[in-house]
Amino acid sequence: MTQTAFRRSLRLLPHARALVADGRLHVVTQLRTASLGPASPDKHALLRHLSAGLPDHETHHDLVQRLLHQGWLSITVEQQGRPLYTLRPHRPPPAPPPQQPTAKLCLSRFALITKQNATMVVDSPRSWCTLLVHDPLTLATLAGLPANQDDVPDHLLRDLLWARLAVPHEQQEDFRLRQWSPHELWFHARSRTVRDTPFGVTWWARERFAPLPARHDPFPGPQLDLHVPDLARLRRDDPTVTAVLEDRRSIRDHDETRPLTAAQLGEFLYRCGRDTGAYLRDGVEHVRRPHPSGGASHELEIYPLIRHVDGLDQGLYHYDPATHRLEQVAPMTAAVRRLLEVTAACARTTTPPQVLIIIAARFGRVMWKYQEMAYALILKDVGVLTQTMYTVATAMSLAPCAIGGAGATEFADATGLDPMTESSLGEFILGTRRPDDPGERPTP
């Protein structure tokens with residue numbers, strides 16, 4: 001197969017449009033704009049041609065090259081009129097490789113192949129573009145790298161290298177790349193990089209789905225009213241912010257001879273997670289709590305798993321922040337006990353915690369409004385709530401400790417909740433301090 005059998009064409013990005021303002025022609029998307037100078041019939045005609053596809057031999061125009069270098073044009077490679085693949089940029093591309101690759105190339109371990117409608121899509125968080133594969137043989141060629149490299153057309157190898165979808169094998173072993181697992185780099189890139197796709201507050205679900213209410217559906221188990229602390233006394237007698245932040249420690253083991261009381265747990269939850277106000281805006285319920293939340297969504301739910309609290313039965317509970325009550329989700333069933341055991345193992349405690357607090361998220365409260373960054377926003381809210389719990393527990397002279405991660409599957413088993421709708425994202429153990437344990441400092 002000769003190289004002359006392949007042809008390249010350029011096309012304006014499908015979500016870009018021309019706009020005239022103050023006599024100047026602009027090309028715009030949702031997130032960026034480029035000025036093309038004074039508007040003229042010739043420029044309008046060129047943009048129309050680019051919207052339909054411009055053959056490679058007609059791309060010498062200075063304006064075309066400018067749009068290409070700024071990432072406004074997709075590049076499609078065709079063979080005898082049949083499209084093989086398209087490079088669709090989401091940011092300005094780097095300069096193409098100066099020559100054909102000589103080293104053995106392999107598909108990047110960060111490359112992800114998915115399907116969008118009838119088109120297979122190859123993307124990477126390290127790439128400046130998305131590769132749309134229109135031809136099944138081209139897709140098979142990608143999957144066969146590097147074994148079949150000698151049979152791969154030079155233009156495809158060069159484009160894969162240019163797009164960072166294929167890399168020399170030795171690059172895969174660099175520490176700066178090996179330190180990233182593919183899913184973590186994908187998550188970081190897609191939630192932190194603004195692309196020419198819907199991003200941030202888009203209200204994408206407004207016309208399709210009703211917003212989730214601020215309050216969780218009640219659980220059928222018994223409801224228990226909790227102690228309400230005297231905030232006026234706490235304002236007067238609590239340690240200072242500086243003292244609390246300086247004294248904060250992670251304390252994993254608890255005093256079993258003097259367990260946490262129902263009143264202490266009630267004060268802790270009241271100070272960390274109760275609703276302090278509610279309002280309706282744009283048809284969506286919003287609430288206020290002692291800790292902040294992106295867009296006042298407050299999607300986080302608190303589930304205390306009680307093993308040893310004076311005045312409360314063992315079991316898994318849900319905290320209702322609107323009424324300051326506990327609702328029993330389940331007694332100490334085998335599934336609940338398994339959830340406790342898994343978390344205790346991750347916490348490396350000598351005995352199971354007196355209380356395991358599970359932080360879960362009702363994803364739709366945030367994802368109904370935000371795109372691309374919604375999950376990252378939820379995790380930030382988990383961090384904010386975790387710090388609030390540390391602060392309150394330290395002020396109350398309790399033993400707090402956040403857990404790095406465990407138990408999402410066990411949480412779903414214990415609650416019966418659909419993990420696509422609501423799942424655990426954080427764990428926090430709470431109990432009483434042993435008299436001889438002021439708290440552990442991080443290991444240097």
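What volume does the largest cavity have?

A: The largest cavity has a volume of about 80 Å³. The model is predicted, so local features need pLDDT of at least 70 and side-chain atom pairs count only at pLDDT 80 or more, while totals for chains, interfaces and linings use all residues. Residues are numbered from 1 along each chain as its sequence is written, and side-chain values use heavy atoms, with hydrogens and water left out.

On a 1 Å grid over the protein atoms alone, a cavity is a set of points where a 1.4 Å probe fits but cannot get out; a pocket is an open set with protein on both sides within 12 Å along at least five of seven lines; lining residues have an atom within 4 Å of a point. Points are joined across faces, edges and corners, and a volume is the space filled by probe spheres set on them. By this rule there are two cavities of 30 Å³ or more.

Thirteen residues line the largest cavity, and Val284, Ser297, Arg365, Trp368 and Lys369 lie nearest its centre. Strand E17 (284-288) and helix H11 (364-367) each supply at least two residues of this lining; helices (H or I, at least four residues) and strands (E, at least two) are DSSP runs, numbered from the N terminus. With three residues, E17 gives the most to the lining of the largest cavity. By class, that lining has six nonpolar, four polar and three charged residues. Here Ala, Val, Leu, Ile, Met, Phe, Trp, Tyr, Cys and Pro are nonpolar, Asp, Glu, Lys and Arg charged, and the others, Gly among them, polar.

The second largest cavity holds about 50 Å³ of space. Its lining consists of Gly273, Arg289, His291, Leu300, Glu301, Ile302, Tyr319, Pro321 and Leu385. Strand E18 (residues 300-306) gives the most to the lining of the second largest cavity, namely three residues. Five of the residues in this lining are nonpolar, two are polar and two are charged.

The largest pocket has a volume of about 500 Å³. It is lined by 16 residues, and Asp238, Arg271, Pro290, Thr391 and Val392 are the closest to its centre. Helix H7 (231-237), helix H8 (241-247) and helix H12 are the elements that give two or more residues to this lining. H12 provides the largest share of the lining of the largest pocket, four residues. The lining of the largest pocket divides into nine nonpolar, three polar and four charged residues.

H12 (residues 374-395) also packs against another helix: its axis and that of helix H6 (residues 182-192) come within 8 Å and cross at roughly 100°. Axes are lines fitted to C-alpha atoms, for helices over the stretch in contact, and angles run from 0 to 180 degrees between N-to-C directions. H6 and H12 are therefore roughly perpendicular to each other (65 to 115 degrees). On the H6 side, Phe187, Ser191 and Arg192 make the contact, and on the H12 side Tyr375, Ala376, Leu379 and Lys380 do, contact meaning heavy atoms within 4.5 Å. The contact of H6 with H12 has four nonpolar, one polar and two charged residues.

Two sheets remain to be described. Three strands form an open antiparallel sheet in the order E2-E3-E4, where two strands pair if DSSP finds at least two bridges between them. Strand E2 (17-21) and strand E4 (33-38) are the edge strands, and each pairs on one side only. From one strand to the next the twist averages 30°. E2 and strand E3 (residues 24-28) run antiparallel and are joined by five bridges, with valine 20 opposite leucine 25 in E3. Helix H1 packs on this sheet and touches E2, E3 and E4, its direction making about 140° with that of E4.

The other sheet is open and antiparallel, with seven strands in the order E5-E1-E6-E7-E11-E10-E9. Strand E5 (54-55) and strand E9 (112-116) stand at its edges with a single partner strand each, so one side of each is left without a neighbour in the sheet. The hairpin of E9 and E10 has two residues between the strands, and in it asparagine 117 takes a positive phi near 55°.

Key:
Angles under 35 degrees count as roughly parallel, over 145 as roughly antiparallel, 65 to 115 as roughly perpendicular and the rest as oblique.
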